[in-house]
Amino acid sequence: MKLMKRDEKAGALRKQDMIPGVVYGHGIDAISVKVPRKEFVKSYEKFRQTKTFNCEIDQSPHQVYIKDVQRDVLNPEKITHFDLLKVSASDKIHTRLPIVLLGRENIERQGLIVQQSLNDIDVKYQVGKGLESIEVDIADFKDGDTLKVSDIKVPDYVDVLEDMDMLVASIAHPRVEAEPVEGEEAAEVPLVE
């Protein structure tokens with residue numbers, strides 16, 4: 001991705017279909033930059049906020065990753081600003097990776113439901129070892145089974161920073177509460193003294 005230094009206001013850039021951003025990090029002062037929207041979106045779709053890539057600022061190469069993106073409040077698909085963090089080979093990336101549950105349809109075919117209570121986990125890993133997500137196969141889970149962070153297998157180079165006892169997902173039968181029949185009154189329960 002080729003970035004250009006900027007001195008224009010963010011609003012003026014957005015009218016030109018450019019996205020303003022900032023590059024900071026290892027060995028450089030913060031640099032205000034701009035990039036055509038199409039070029040940034042293409043890089044974002046490829047690398048997300050989990051992989052490093054090379055960019056150029058005034059023909060000077062930098063290894064970076066997308067640290068943060070800001071989005072339009074009324075149109076969340078539209079990115080309005082970005083932060084790139086420059087890294088070196090010895091740095092570690094700190095990010096949240098999505099948890100993808102594989103085999104969910106096997107469980108749902110049995111009339112069970114999957115209640116996912118944790119959608120992503122906090123991790124660190126070496127630059128250049130990027131992941132898009134962490135996949136967990138739950139196809140053989142049964143009623144009452146649970147998945148905790150400690151049950152998730154991650155590559156050796158990934159450090160999980162979440163509480164290992166935190167619940168990720170549970171499997172259960174759906175609960176259906178009977179509705180009272182019209183005209184019936186609730187039965188009185190005697191008090192025991």
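Visitor: In which strand does Asp-83 sit?
Guide: This is a predicted model: local features need pLDDT of at least 70, side-chain atom pairs count only at pLDDT 80 or more, and totals for chains, interfaces and linings use all residues. Residues are numbered from 1 along each chain as its sequence is written, and side-chain values use heavy atoms, without hydrogens and water. Helices (H or I, at least four residues) and strands (E, at least two) are DSSP runs, numbered from the N terminus. The run that holds Asp-83 spans residues 79-86, and its name is β6.

Visitor: Which side chain of opposite charge is nearest to Asp-83, and how far away is it?
Guide: Asp and Glu count as negative, Lys and Arg as positive; His and the chain ends are not counted. A salt bridge needs a side-chain nitrogen of Lys or Arg within 4 Å of a carboxyl oxygen of Asp or Glu. Asp-83 is buried (under 20% relative accessible area; exposed is over 50%, partly exposed in between; 1.4 Å probe, protein chains only). Asp-83 has no salt bridge, and the nearest opposite charge is Arg-6, at 8.0 Å.

Visitor: Which residues touch Asp-83, apart from its neighbours within four places in sequence?
Guide: Contact means heavy atoms within 4.5 Å. The list for Asp-83 is Val-22, Tyr-24, Tyr-65, Ile-66, Lys-67, Asp-68 and Gln-70.

Visitor: Is Val-23 buried or exposed, and at what relative accessible area?
Guide: Val-23 belongs to strand β2, residues 18-25. Its contacts beyond four places in sequence include Leu-3, Ile-31, Val-64 and Leu-84. Val-23 counts as buried because its relative accessible area is 0%.

Visitor: How far apart in space are Val-23 and Tyr-65?
Guide: In sequence, the two are separated by 42 residues. From C-alpha to C-alpha, the distance between them is 9.6 Å.

Visitor: How many salt bridges are there, and which residue pairs with Lys-34?
Guide: The count is eight. One of them has an N to O distance of 2.7 Å and joins Lys-34 to Glu-8. Lys-34 is in strand β3 (28-36) and its partner in the loop between β1 (2-5) and α1 (10-15), so the pair ties together parts 26 residues apart in sequence. Lys-34 is buried at 13% relative accessibility; partly exposed, at 25%, is Glu-8.

Visitor: Which residues form a network of salt bridges?
Guide: Asp-120 and Arg-96 bridge at 2.9 Å between closest N and O atoms, linking strand β9 (120-126) to strand β7 (92-102), 24 residues apart. Arg-96 also bridges to Glu-162, at 3.0 Å. Glu-162 is in the loop between β12 (158-160) and β13 (167-172), so that pair ties together parts 66 residues apart in sequence. The linked set is Arg-96, Asp-120 and Glu-162.

Visitor: Which member of this network is buried?
Guide: Asp-120 is partly exposed at 28% relative accessibility. Arg-96 is partly exposed too, at 37%. At 14%, the buried residue is Glu-162.

Visitor: What is the phi of Arg-48?
Guide: Most residues other than glycine have a negative phi. Arg-48, in the loop between α2 (37-47) and β4 (53-57), has a positive value. Arg-48 is partly exposed, with a relative accessible area of 39%. Its phi is near 50°.

Visitor: Where does Asp-58 lie?
Guide: Asp-58 also has a positive phi, near 50°. Its place is the loop between β4 and β5 (60-71).

Visitor: What box do the C-alpha atoms fill?
Guide: Of the 193 residues, 37% are buried. Among contacts with a separation of 6 or more, 63% join residues 24 or more positions apart. Along the principal axes, the box is roughly 80 × 45 × 40 Å.

Visitor: How far apart do the centres of the positive and negative side chains lie?
Guide: There are 27 positive and 36 negative side chains. Each charge is placed at NZ of Lys, CZ of Arg, CG of Asp or CD of Glu. The centres of the two sets are separated by 13 Å.
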